[in-house]
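Hi,

Here is the structure we talked about passing on. Please open it alongside this note.

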Amino acid sequence: MPSSDKKQWQRETLDPAVKRFPERRENFQTDSGLTIDPLYSPENLQAPGLDYDYNRDLGYPGEFPYTRGVQPNTYRGRVWTMRQYSGYGTAAETNARFRYLLDQGQTGLSIAFDLPTQIGYDSDHLLAKGEVGKVGVPICSLADMETLFEGIPMDKVSTSMTINATASLLLCFYIVAARKQGVSQDQISGTVQNDILKEYIARGTYAYPPRPSMRLVVDIFKYCAENVPKWNTISISGYHMREAGATAVQELAFTFSNAIAYVQAALDAGLKIDDFGPRLSFFFVAQNNLFEEVAKFRAARRMWARIMKDRFGAKDPRSMMLRFHTQTAGVTLTAQQTDNNLIRCTVQALSAILGGSQSLHVNSRDEALALPSEDSVQLSLRTQQILAFESGAADVVDPLGGSYYVESLTNELEAKALEYIRRIDDLGGSVAAIEQGFQVREIGDAAYQHRQEVESGDRTIVGVNRFTTEEPPIEGLMRVDEAAARTQVERLEQLRRERDDSKVKSALERLKQVAQTEENTVPAILECVENYCTLGEVCEVLRGVFGEQEGAISF
Amino acid sequence: MQDRNRPIRVLVAKPGLDGHDRGAKVIARALRDAGMEVIYTGIRQSPQMITQAASQEDVDVIGLSILSGAHLEILPEIMSLMREQGMEDVIVVVGGIIPEVDRQPLKDLGISEVFGPGTSTGEIVEYIRESAKDRAGA
């Protein structure tokens, strides 16, 4: 007789079988520590207290609460934007890489800046020593941005910039470089990451303390709402916090508590929710646990729709639609048996597609050791193209919707993340929690636990703690030419000789005055950029007014 | 003089502008759990800040973590400051994204060991315990 419910099946069929053949592990858990039942069935969704309601909790794609997607037909119209993050050496070298990627069928650009550019130091600053052109391209002035986009039509390509503390400055470089191509600011499209809060929690490219930094973030919201309508003014990022060790639950919770802080700051500055809400975008990781990740993306859409509607009273549906970029997980790349990373990246990228991501970067197999070689980047792009055009995964909306397992995980991740957000609300919100070191501690604990699981062998990493082999060091790694930094410094010196110093001085003076008031800083920064003030000069003015952020030393 | 019974003291530091400190913090915790006294400097430390902290804290070992590729510019400066200040007996180990070809040049500078990606914390704890024991003359 077949079982009439799951309990009976468990008692009469499953338990005797497990007794004869014990399971591989005592407990099965997702990467975030959620317990996994051996089987999911309608009971998991209909249990008392869960009160599962299709129309309320899932609905149809393109409609509130957008659990199944923000576009009615997701990838059937246009597949996601394939956007490989790149930048190194000099603006000229990176320009060549960009053109290569566009030639290979990439559909958007994503700029990696070097650390001095991200933190606000010119390439010849003492602290920039050894860092120029290493993890990204150095952009010290308008002249560098013009070189970066030479021959690339800025009205046709959308550009994402991973830039935070210096976001408004790089946006101004972009606006003026486009203008020089004859493209006005209402024609350009792209994204600045502009998510400073997660820099204090993970990643670390902050410059000023959190509170004045929040003002710079809101200045961008304001300026773009009025002048750059197609620009995504922020990409609120869970990626780096997850890379630093957060669980999927923490990734959701900390991203949305940061998002809540930005929205509140903008409202406090007098902006209207539906004026800036539609331009907020997000950035998540695609990690290893396929089903948990798909559930995470779906939970994220539902959470954001409800936060915007219920918490902030948004009326425009576009304010409630969670649009996000995804990148595969850098921390899962291994230095051992590097070709295995191709497979990891493929599974991770699949989760982003099944989760309905708007754009995607697939990491490269050699990135545990160096910046990716051109061959490796091409494979990453081909991975995306195979998923898009061969796998069939892009031909239907939300393919895993209705899976008892994925729906259960979606519910569970949402509930646990909301609980965390309440804790952060109780601490006084995200900024206050950051000042108390809350998120950093929580993430540090999770990272250490993960490490212990790897070392005890409880968590398998193929090629690292199981299935290991002896192998020769890998050849053909990318290396940034040391001459690049010298070229960059020479360019900068030439710029300083050739520009009009009196205009530079007066633009910087004007910025200083504006920074001391509550006036929007973006127009004053634009004026600095137009007059070829350097990144370091602008940031020095702002450091003088806002102060500098100290690093935390707890671990 | 070293007191052989006191715990090994380690300074974990992040030189340069790199903000990726997951590895540094995990290693700091693992060393602490192994009974060592650990001081973490936080990110964005200059060579001067690191050698000063190491000298003030009287550490046996400095563990440097660097993932940005700036190691060949930054590490020689730290090593030469240490020589100037008579700190040659402090053991220096490095971890992070360090290409294989850079390993020997770094060792030639006086760096005791370079730990690449995928090294277990167990290996690092063991290495430090053994080499700091030599330093204390035990």
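Predicted model: local features only at pLDDT ≥ 70, side-chain atom pairs only at ≥ 80, totals over all residues.

**A pocket**

Start with the second largest pocket. Its volume is about 540 Å³. The lining has 26 residues. Nearest the centre are Leu127(A), Arg44(B), Gln45(B), Ser46(B) and Met49(B). By type, the lining splits into 12 nonpolar, 8 polar and 6 charged residues. Two helices of chain B, H2 (47-56) and H3 (71-84), each give at least two residues to this lining. H2(B) has the largest share, with 3 residues.

**A buried glutamine**

Next, look at Gln337(A). You will find Gln337(A) in the loop that runs between strand S9 (324-328) and helix H15 (340-354) of chain A. Its relative accessible area is 15%, which is under the 20% cut-off, so Gln337(A) counts as buried. What does Gln337(A) touch, leaving aside neighbours within four places in sequence? The contacts are Gly463(A), Phe467(A), Thr468(A), Thr469(A) and Glu471(A).

**Two packed helices**

Last, a helix pair in chain A. Helix H9 (residues 210-227) packs against helix H22 (residues 522-530) at an angle of about 85°, and their axes are 9 Å apart. The angle therefore makes H9(A) roughly perpendicular to H22(A). On the H9(A) side, the contact uses Asp219(A), Ile220(A) and Tyr223(A). H22(A) meets them with Val522(A), Pro523(A) and Leu526(A). The residues of this contact divide into 5 nonpolar, no polar and 1 charged.

Best wishes

Methods
Residues numbered from 1 in each chain as written. Chains lettered and ligands numbered in written order. Heavy atoms only, no water. 1 Å grid on protein atoms, 1.4 Å probe; cavity = no way out; pocket = protein on both sides within 12 Å on 5 of 7 lines; lining within 4 Å. Points joined across faces, edges and corners; volume = space filled by probe spheres on them. Helix = DSSP H or I, 4+ residues; strand = E, 2+ residues; numbered from the N terminus. Nonpolar A, V, L, I, M, F, W, Y, C, P; charged D, E, K, R; others polar. Buried < 20%, exposed > 50% of the residue type's maximum accessible area, 1.4 Å probe, protein only. Contact = heavy atoms within 4.5 Å. Axes fitted to C-alpha atoms, helices over the stretch in contact; angles between N-to-C directions. Parallel < 35°, antiparallel > 145°, perpendicular 65-115°, else oblique.
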